[in-house]
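Student: I would like to learn how to read a structure such as this one, feature by feature. Could we go through it together?
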Amino acid sequence: MLRQGEISQSLHDFRGYQVTARSLERLKCQLKTTKPQVGKERIGWCIDRCEEILDRAWDDVAEIECQRGDTACQLVVRHFLFDEDWHDVAADMGIPYDKAKKIAYAAIKSLDSN
């Protein structure tokens, strides 16, 4: 049981995945503009770590799809991994904003029971 103010481990993980996905995009841009070999090696190492973390994210997404279906999966992926705004995702999918968030968060929290 979580205490008030605590978040589930899976939600914590997905927030980390969201930051990692953003970092990966920035690193890819830096890789194109960085000239010294030492800097490129470090960026390459960071990209590899980000990709490892995001592989775990996609494993969790596959589990969400199996447990909660395609709609929940799309909501989670588009917001947490593709960094789309909740309002845009919900409108695009034809789901009310508050319902979209509830579906996505319930899907993520369902991973905690495993």
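Student: Which residues in H4 meet residues in H5?

Tutor: In this predicted model, a contact is counted when heavy atoms lie within 4.5 Å. On the side of H4, Trp86, His87 and Ala90 take part, and on the side of H5 they meet Tyr97, Ala100, Lys101, Ala104 and Tyr105.

Student: How are the axes of H4 and H5 placed, and at what angle do they cross?

Tutor: Helix H4 covers residues 86-93 and helix H5 covers residues 97-110, and their axes come within 9 Å of each other, crossing at roughly 100 degrees. Angles of 65 to 115 degrees count as roughly perpendicular, and H4 and H5 are therefore roughly perpendicular to each other.

Student: Is aspartate 83 buried, partly exposed or exposed?

Tutor: Buried means under 20% relative accessible area and exposed means over 50%, with partly exposed in between. Because its relative accessible area is 38%, aspartate 83 is partly exposed.

Student: Is serine 10 buried or exposed?

Tutor: Serine 10, which lies in helix H1, residues 9-33, has a relative accessibility of 8%, and so it counts as buried.

Student: Which residues does serine 10 touch, and which side chain does its own side chain join in a polar contact?

Tutor: Leaving aside residues up to four places away in sequence, serine 10 touches Ile108, Leu111 and Asp112. With aspartate 112 there is also a polar contact of 2.8 Å between the two side chains.

Student: How many helices and strands does the protein have, and what share of its residues is buried?

Tutor: The protein has five helices and zero strands, so that, read from the N terminus on, its elements run α-α-α-α-α. Of its 114 residues, 35% count as buried. Among the contacts with a separation of 6 or more, 59% come from residues 24 or more positions apart.

Student: What can be said about the surface and the box of the protein?

Tutor: The protein exposes about 7400 Å², of which carbon and sulfur atoms supply 52%. Its C-alpha atoms fill a box of roughly 50 × 35 × 30 Å, taken along the principal axes.

Methods
Residues numbered from 1 in each chain as written. Predicted model: local features only at pLDDT ≥ 70, side-chain atom pairs only at ≥ 80, totals over all residues. Heavy atoms only, no water. Axes fitted to C-alpha atoms, helices over the stretch in contact; angles between N-to-C directions. Helix = DSSP H or I, 4+ residues; strand = E, 2+ residues; numbered from the N terminus. Parallel < 35°, antiparallel > 145°, perpendicular 65-115°, else oblique. Buried < 20%, exposed > 50% of the residue type's maximum accessible area, 1.4 Å probe, protein only. Polar contact = N/O pair within 3.5 Å; in protein donor to acceptor, adjacent residues only side chain to side chain. Areas by Shrake-Rupley, 256 points an atom, 1.4 Å probe, with all protein chains shown as cover.
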